[in-house]
Amino acid sequence: RTIVTTLPIDDCRLVRTNWLRSAACGGHSKMIQFLLHPSNPSLVNVADFTDALCDAIRGDHVSSLDLLLELCGDSLDPSAVSQAFTEAAGRGSRAMVHRLVKVAQQRGVIVRISLSDLRHLIGTNNIEGVRAMLSCCSLGTAVGFDVLMSVCNGADVEMARTLMEYQTLDVAASIQSLHVLQAVLYNKSELALYLLEHGGMRVWSDSAARIAALFGNQHLTQLLLSFLATHDAVRAAHLQTDLDANDLPTIWSGLQLSEQCWAAKRSAEMGYVAVTEIVCASRVVKCQTDRYMISEAAVQGGHIECSRLLLPLVRDIRGLRSLVFAAKLMDPAMMRLVIDELLLAPSIRFGTSTTDVTLLKHFLYSVHLAAVSCHLEHVDMLLDWLVQHSGAHQELLTPLRAASTAAPPDRCLAVAAATVHLLLSSDFDDALGYMDRALVTAVRSGGLAVVELHLNAGANVRHNANEALRLAESQGHAAMVELLKARGAGSG
């Protein structure tokens with residue numbers, strides 16, 4: 001605020017920072033009051049109001065939302081009110097929804113939600129949140145394809161039953177065979193059968209039984225065949241014979257290409273080596289960009305044998321996201337594998353400007369996350385690679401080597417501090433946003449000093465609706481909670 005008031009008005013107009021959105025995102029009520037004061041007409045743009053409202057809602061800053069509605073109310077058009085209402089409903093915030101319904105009624109604006117707006121609540125199996133929103137909001141009748149996919153991915157049969165309770169929604173008519181396949185992929189036997197019960201043979205696919213057999217789920221395979229037998233006994237008998245007579249590669253070949261892509265990713269997530277071996281011999285990974293997503297799933301899940309099979313297929317600059325995932329895992333063997341397969345690949349070298357930016361960003365993120373997570377072996381392996389391959393990037397090598405000379409108890413903190421400085425002085429997009437997310441990783445590590453490092457570097461202590469504070473509280477870390485609250489967490 002002090003800096004802003006010292007700038008000439010013309011300079012304020014040239015600064016590209018969206019101050020109102022930043023204040024709303026962080027729940028800084030006093031800054032919002034300052035920016036929207038009639039004496040400061042040049043500091044905000046009316047076009048920013050809608051985004052600022054949504055930012056306050058995403059951050060769960062009720063008092064900031066109230067303030068924005070009070071100070072911006074006359075400037076909000078119906079679409080802004082509707083968009084903010086949809087955002088609040090999607091977050092499951094009953095208090096914010098009630099506030100926005102009242103504003104809408106005062107303006108004569110009709111607001112309603114669709115199930116698609118509630119996908120986050122549905123996908124996290126937040127049944128109470130969904131029921132709360134359906135009870136306090138006007139509801140559209142459409143049931144989108146993605147809604148039921150969210151049920152199959154992240155929820156269970158109780159969520160499906162909850163949606164089916166609302167007679168204004170024709171959920172049964174919206175069920176497709178792909179929803180059944182997804183439920184089978186995620187080993188949700190009860191949900192798969194519930195969808196078949198309400199969708200009937202219209203949503204049946206032989207691939208459902210093939211996928212269950214492919215992943216060795218004999219119980220679910222028999223349940224699916226029993227369903228088919230009650231509707232078409234001859235077809236069920238033929239399918240049973242086919243599954244009994246064939247090995248896994250033959251069953252795999254009976255799936256459509258899109259179904260193979262789904263099964264490939266799921267096998268990597270589960271660490272199912274038998275299917276991953278088939279995947280690596282197929283065109284799913286050899287000819288499509290899906291191979292990056294599949295290999296990342298194996299690394300992120302900590303499945304080293306599947307990763308050993310998949311990483312050789314992504315030895316280029318696009319595969320480097322796996323390095324960041326490995327940095328967060330405790331297993332040094334996974335870090336070693338990813339370094340050997342990716343960073344030592346001939347195609348990944350400092351040299352061209354495009355390669356340098358991507359490699360530099362992923363490398364720094366990886367070192368930083370490993371240090372913040374107190375994975376000292378990971379840090380040492382990454383720095384050993386840098387010593388041999390830094391090329392012209394001595395600006396990286398010098399501070400990181402200096403930090404690595406610290407005694408083991410302090411080395412991770414020293415390296416984390418060095419990488420924070422390098423990241424903030426870089427030209428990377430979203431460096432500050434990354435710092436906000438890294439704060440949560442720091443809290444998870446349990447180190448007060450590393451959390452304070454990120455707060456001093458400008459990390460938003462209220463990022464993602466006070467996620468850092470909620471995590472510290474769930475961990476029972478009283479000193480961490482006290483630090484975060486002292487820096488502004490939980491307010492706004």
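Buried residues, meaning those under 20% relative accessible area with a 1.4 Å probe and protein chains only, make up 50% of the 492 residues in the protein chain. This is a predicted model, in which local features need pLDDT of at least 70 and side-chain atom pairs count only at pLDDT 80 or more, while totals for chains, interfaces and linings use all residues. Residues are numbered from 1 along each chain as its sequence is written, and side-chain values use heavy atoms, with hydrogens and water left out.

The protein chain has 34 helices and zero strands; helices (H or I, at least four residues) and strands (E, at least two) are DSSP runs numbered from the N terminus. Its C-alpha trace spans about 80 × 65 × 45 Å along the principal axes. Of the contacts (heavy atoms within 4.5 Å) between residues at least 6 apart in sequence, 70% join residues at least 24 apart.

The second largest pocket has a volume of about 400 Å³. A pocket is an open set of points on a 1 Å grid where a 1.4 Å probe fits, with protein on both sides within 12 Å along at least five of seven lines; lining residues have an atom within 4 Å of a point. The volume is the space filled by probe spheres set on the points. Twenty residues line this pocket, and Val324, Lys328, Leu369, Tyr434 and Arg437 lie nearest its centre. The lining divides into seven nonpolar, five polar and eight charged residues.

Definitions and conventions
Ala, Val, Leu, Ile, Met, Phe, Trp, Tyr, Cys and Pro count as nonpolar, Asp, Glu, Lys and Arg as charged, and the others, Gly among them, as polar.
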